[in-house]
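Open the model in your viewer and keep the selection tool ready. This tour moves from stop to stop, saying what to pick and what is there.

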Amino acid sequence: MKLSQFQFPLTNDKIALYPPRWRDECKLMVLHKDSGEIEHTIFKNIIDYFGKGDTFVLNNTRVFPAMLRGNKEKTGADIGVFLLRELNREQRLWDVIVDPARKIRIGNKLYFGEDESMVAEVIDNTTSRGRTLRFLFDGPYEEFKESLFALGKTPLPEFLTNLREVEDEDRERYQTIFATEEGAVAAPAAGLHFSRELFNRMILKDINKVFITVHMGIGHFSGVDVEDLSKHKMHSERLIISPESAQVINNTKRAGHKVLAVGITVMRGLETYVTTNDEVNPYDGWTNKFIFPPYRFAVPNAIVSNFHLPLSTMLMSVAAFGGYEKVMNAYHVALEQDYKFGPYGDALLII
């Protein structure tokens with residue numbers, strides 16, 4: 001497959017700026033991958049396509065407020081700092097991206113907050129844009145973390161922040177109701193549609209839910225800069241699949257029931273470390289799995305995902321599951337039927 005095969009026209013009015021009032025009432029398109037048949041419903045009806053013994057696999061990562069604005073010492077230059085991941089808790093070390101990168105050198109100090117009470121020193125240049133910062137904070141760790149995150153903003157995707165400002169309400173909007181494991185700079189968008197009411201209805205239908213953790217990094221939204229997709233390298237992301245979750249997933253498959261991957265991160269996680277008999281292994285490590293057509297899936301029988309942007313790796317992964325022509329046709333229908341794209345937009349279930 002070639003990059004150019006995943007291009008399609010998408011105007012700004014098709015991107016959802018805000019989520020629906022109720023999480024589970026966005027539009028849901030259902031694509032039957034064998035026949036190509038398409039149905040239109042709303043998200044809370046997703047359980048109509050599943051039954052007793054089926055299992056939904058969700059990503060319980062939690063987004064932290066990763067976007068900071070600071071000032072460089074002496075010059076006072078405005079510097080954007082994007083927190084990627086914590087490297088060392090005791091030493092207050094963080095892997096970050098700075099913008100503009102050309103103005104920052106090892107040894108520079110950056111000041112954050114109106115009173116400039118939060119100070120960081122650049123101690124390493126890890127990549128052409130990346131840096132390692134040491135925050136100079138003498139208080140307890142929890143006090144440091146609270147102070148740091150109070151200064152940050154929710155890291156909405158750039159294509160969304162180009163259309164509107166980040167708001168305080170996004171801290172809750174851009175977070176699943178089951179987000180418990182802090183470490184992501186992007187939300188698992190398909191999981192945003194689940195409500196407590198929907199979980200309760202799943203219980204009534206004896207549909208299982210299990211959680212894995214995939215800490216989505218900035219690379220999740222990085223563009224693909226090669227035409228030949230086999231040459232694209234994904235950024236690594238932390239992946240944790242507990243023995244308990246793996247057992248539920250494998251028991252579901254052995255019993256002949258459906259496994260639904262809620263989102264592309266879950267799809268990639270489930271396919272990262274698979275046994276020879278197509279079962280999930282417990283795992284605690286990193287994944288740079290890139291799924292694009294053609295691909296034989298070992299674990300999930302169904303996926304649900306938001307409608308993604310042109311040329312995105314997420315779209316490529318969806319096409320790998322549903323079939324390139326059928327998925328691209330579904331996206332064409334979505335444009336005609338005014339479905340909304342992006343993390344606050346509508347969803348596509350492929351069964």
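**Stop 1: the end of a helix**

Select Asp338, which follows helix α8 and has a positive phi, near 60°. This is a predicted model. Most residues other than glycine have a negative phi.

Now step back to α8 itself, residues 324–336. Helix α8 has 13 residues. From its first C-alpha to its last it reaches 19 Å, close to the 18 Å expected at 1.5 Å a residue.

Colour the buried residues of α8: Val327, Met328, Ala330, Tyr331, Val333, Ala334 and Leu335. What covers them? The cover includes β1, β2, β16, β17 and helix α7 (313–322).

Show the strands under the helix. Helix α8 lies across β1 (27–31), β2, β16 (302–306) and β17 (347–350). Its direction is at about 150° to β1.

**Stop 2: the sheet**

Select the open sheet of 9 strands. Walk across it in this order: β2-β1-β17-β16-β14-β3-β12-β13-β15. The pairing is mixed. Which strands stand at the edges? They are β2 (38–42) and β15 (283–287). Each has a single partner strand, so one side of each is left without a neighbour in the sheet. Look along the sheet for the twist, which averages 20° from one strand to the next.

Strand β13 (residues 237–241) runs antiparallel to β15, and 5 bridges join the two. Pick Leu239 to find Gly285 of β15 standing opposite.

**Stop 3: a buried helix**

Select helix α6, residues 264–272. Here 8 of the 9 residues are buried, so the helix is largely enclosed by the rest of the structure. The buried set is Ile264, Thr265, Val266, Met267, Arg268, Gly269, Leu270 and Glu271. Note that Arg268 and Glu271 are in that set.

**Stop 4: aromatic rings**

Show the side chains of Phe, Tyr and Trp. The structure holds 25 aromatic pairs. Begin with Trp94 and Phe149, whose ring centres are 6.4 Å apart. Their planes meet at 75°, so the pair is edge-to-face. How many residues separate the two along the chain? They are 55 residues apart, and the pair links distant parts of the chain. Trp94 belongs to strand β7 (residues 93–99), and Phe149 to helix α1 (residues 141–151).

Next, select Phe43, Phe50, Phe56, Phe178, Phe194, Phe199 and Phe211 together. Ring pairs link these residues into a cluster.

**Stop 5: lysines over rings**

Select Lys27 and Tyr339. Lys27 lies over the face of the Tyr339 ring, 5.0 Å from its centre. Then select Lys33 and Phe321. Here Lys33 lies over the ring face, 3.9 Å from the ring centre.

**Stop 6: cis peptide bonds**

Most peptide bonds are trans. Select Asp99 and Pro100. The bond from Asp99 to Pro100 is cis, with omega near 5°. Where is Pro100? It lies in the loop between β7 and β8 (109–112).

Move to Pro293 and Pro294. The peptide bond between them is cis too, with omega near -10°. Pro294 lies in the loop between β15 and β16.

**Stop 7: positive phi in loops**

Select Lys74, in the loop between β5 (67–72) and β6 (78–88). Its phi is near 70°, a positive value in a residue other than glycine. Lys74 is exposed, with a relative accessible area of 84%.

Finish at Asp206, in the loop between α4 (196–204) and β12 (208–215). Asp206 is not a glycine, yet its phi is positive, about 60°. At 41% relative accessibility, Asp206 counts as partly exposed.

Conventions: Residues are numbered from 1 along each chain as its sequence is written. This is a predicted model: local features need pLDDT of at least 70, side-chain atom pairs count only at pLDDT 80 or more; totals for chains, interfaces and linings use all residues. Side-chain values use heavy atoms; hydrogens and water are left out. Buried means under 20% relative accessible area, exposed over 50%, partly exposed in between (1.4 Å probe, protein chains only). Helices (H or I, at least four residues) and strands (E, at least two) are DSSP runs, numbered from the N terminus. Two strands pair if DSSP finds at least two bridges between them. Axes are lines fitted to C-alpha atoms, for helices over the stretch in contact, and angles run from 0 to 180 degrees between N-to-C directions. Contact means heavy atoms within 4.5 Å. Rings of Phe, Tyr and Trp (its six-membered ring) pair if their centres lie within 6.5 Å; planes under 30 degrees apart count as stacked, over 60 as edge-to-face and the rest as tilted. A charge sits over a ring if NZ of Lys or CZ of Arg is within 6 Å of the ring centre and within 35 degrees of the ring normal. The expected span of a helix is 1.5 Å times one less than its number of residues.
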